[in-house]
Amino acid sequence: MLRPIILSLALVGAVGGAQASEGMWQPDQLPLLKPQLARIGINLPLSDPSRHPLAAIVSTGNCSASFVSADGLIVTNHHCVAPSIALNSTPEHNYMANGFVARTRAAELPTVRGAVVLVTDRTENVTERLTRGLPAGSGRERHDEMQSRIRALNAECETERYYRCQVVAALRGLVYYRVRQFRIRDVRLVYAPSEKIGNFGGDVDNFEWPRQVGDFAFLRAYVGKDGRPAEPSADNVPFKPRDFLVVSAEGVRNGDPILLAGFPGRTTRYKLPSEIRYARDVYFPARLAGMQADVAVIAASTMGSQGAGQRYAGLVKNFNSVIKRTQGLLDGFTTYDVAAIRDQEDADLRNWLRQNPSAGSREMLAELDVAVGADLALSSEEFALQVASHSDLINSARMLYRLALERQRPDGRRENGFQDRDVGGMRTRLAALDDTFALNVDEARYSSALQRYARLAQKARPKGLDALLPAPAAVPALYKGSELADVARRQAWIGRDVEAFRKSDDSIIKLAVKLQDIGTALDNRRKEVNGDLDRLMPQYMAAVIAWKKSQGRVVYSDANSTLRVSFGLVAPYSPRDGVSKGAFTTVDGVRQKNTGKEPFAAPRELLDAIREKRFGPFRDPALGTVPVNFISSADTTGGNSGSAVLNKRGELVGLNFDSTYESIVKDWYFDSAITRAIHVDIRYMLWVMKEVDHADNLLAELTVKYPRQSPNQSPDR
């Protein structure tokens, strides 16, 4: 009954009360924010993703990026392309340590297998088509019908093989969008500075401010001669994007407004108090302990093997980042007592509903509490199964067996992820595993995971799972009895029937077959729970929206990996009493932090350029030197790495790459006073390209607007 009201509230009326910099806005909401944007000096037309500047914003699957030339040149973060830099590095050409510049198109290097550039082509609201007339029966029936409709919506949209469509939920299932993306599969590495620039400060400085890191790199997108995506080939030509960004060497100043455009992953700002307590007290502590143990096992099992260490370097770096992020989140939960804040909000909401009754609202809240309780209990069991199968080989085997089971049904009735459209991606992942895998390391990680599983509470373990698992002492025999470490043998299992799996003598295949019944039981319970939540959460969000609108407060959708725009100001902050942190860092900070030892070992060429003050048009008049990083109050999260930071004219002035430690809790609770995103200043990027790496060919390809007042002014290109 609430659905017609909900859509107008969510997409029109409720955004009028936007406060400060909070919110990752869908482009179609931005016209409603004109007064707020105008107050800080931004008057750009931003509602149409197919027009400038949003048409230049793309995704690499795990990061955000943007086109910066008419020939498919893309800029993103160094850490987003680090696996591709490592892939191409050899003892003779260590591009990680020394950097890489392709002086010609022919010299550009391949990226890791499966690398893509995703160009959003169309976004449409499909809420009515997806939710109208859903069955009123069990949660499982509702879930299955919704999934069937999602598959049909995707199939209808994917009219040509180079398009990929996805239905995504907004506002916890209140609204659904179908997003169509153009998938470019030939992506090449063009330029990356040395990691001594691109990762200066390493894990020590991660989530810290001040920072002095040149976290940028360039890729290029290639397509077939017909302009359509094609497999990597020497015959391919650079992609011609419909739009690209102009680069402003004028930069920004303290107090300037900025826009940030990208593909933020996930935020969770509409969680119930019980969900927050589960995350704080159960899920994140268990996840943190597991990652810390895993990193220790990897370190021990790769010791003395440079090859194995390199294969796992990217994973370890990611783990270390997530570990620090998770600890920061737990600290933030304590600092703000987010659960107590939500308790009060929840009580206020329920009191408002009593004063403003709507059909079934009280019964809805009671049902929702039960459904959320079931969700949290099931989540603990799902986590236990993940721990019990924490192995690249075992998870590969489970995926392959699940594919065989799904292939017994017509393609249109299979679970998402196991349709014919997904097989190519599976094949690529199975092959790419060789780049990040060593047999002895995987074995050690699984043995450790089994020990962690044994320490989980009995009620958190799925019924019957204990009896299926090998003892840690039996793990060596398990790995010795499998041939899945060989990539050809792994891939050969794609397309085999269920009977072949059940008759297999491969020890890891046999374990995957045994685990399937547990996985299926959990999946069926998940469908029941999700079906109930899909019915109740939209009603809850309708109540939240109506309540907040009555107070003139902001309502926006959580991030969901679709194109979003944030806005804010370049601004300093005070993380605690007596401490003030400025908005900019400069190359002087690089020199001051440099110790000559990792992770603070700046390249000699860079230090020479600083010492000789070869700053040219990239010198900031107020700072008297070249700025390196700056912070803003823009709302960001994971997935925003590489996001374009734009000035009020829509010109590129920076790249987002991190946030401050105090800001980590923003995924759950946003405090505009101290939430700060960290960006590479575009002037540092251009300066490094010119003075350190002499990437003159790329500077010539960019369209750069130089400051008029500079005595070393270069003409616009």
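In which helix is the place of Lys324? Lys324 belongs to helix H10, residues 306–336; helices (H or I, at least four residues) and strands (E, at least two) are DSSP runs, numbered from the N terminus. The model is predicted: local features need pLDDT of at least 70 and side-chain atom pairs count only at pLDDT 80 or more, while totals for chains, interfaces and linings use all residues. Residues are numbered from 1 along each chain as its sequence is written, and side-chain values use heavy atoms, with hydrogens and water left out.

**Overall form**

- The protein chain contains 23 helices and 22 strands.
- For 717 residues, a compact globule would have a radius of gyration near 27 Å, and the 26 Å of the protein chain agrees with this; the radius is taken over C-alpha atoms, and the globule rule is 2.2 Å times the number of residues to the power 0.38.
- Along the principal axes, the C-alpha atoms fill a box of roughly 75 × 65 × 55 Å.
- Of the 717 residues, 56% count as buried, a term that means under 20% relative accessible area, with exposed meaning over 50% and partly exposed in between (1.4 Å probe, protein chains only).
- Among contacts with a separation of 6 or more, 78% are between residues 24 or more positions apart; contact means heavy atoms within 4.5 Å.
- The protein chain exposes about 29,300 Å², of which carbon and sulfur atoms supply 51%; accessible areas come from the Shrake-Rupley method with a 1.4 Å probe, and for residues only the protein chains shown count as cover.

**Surroundings of Lys324**

- Lys324 is buried, with a relative accessible area of 18%.
- The side chain of Lys324 reaches the backbone oxygen of Val204 at 3.3 Å.
- Leaving aside neighbours within four places in sequence, the contacts of Lys324 include Asp203, Asp205, Phe207, Tyr661 and Ile664.

**Disulfides**

- The whole structure holds 2 disulfides, a disulfide being a pair of cysteine sulfur atoms within 2.5 Å.
- Cys63 is buried at a relative accessible area of 4%, and Cys80 is buried at 11%.
- Cys157 is joined to Cys165 by a disulfide, with an S to S distance of 2.0 Å.
- The link of Cys157 and Cys165 is left-handed, with -65° about the S-S bond, and both cysteines are buried.

**Loop residue Ala559**

- Ala559 lies in the loop between helix H19 (507–550) and strand S14 (564–569).
- Ala559 is buried, with a relative accessible area of 4%.
- Although 294 residues separate Ala559 and Gly265 in sequence, their C-alpha atoms are 5.7 Å apart.
- Not counting residues up to four places away in sequence, Ala559 touches several residues, including Met24, Pro264, Arg266 and Thr637.

**Strand S18 and its partners**

- In strand S18 (residues 627–632), 6 of its 6 residues are buried.
- Strand S17 (residues 584–586) pairs with S18 in the antiparallel sense over 2 bridges; two strands pair if DSSP finds at least two bridges between them.
- Thr586 stands opposite Pro627 in S18.
- S18 and strand S21 (residues 677–681) run antiparallel and are joined by 4 bridges, with Ser632 opposite Ala677 in S21.

Key
A polar contact is a pair of N or O atoms within 3.5 Å; within protein, one must be able to donate a hydrogen and the other to accept it, and residues adjacent in sequence count only if both atoms are side-chain atoms.
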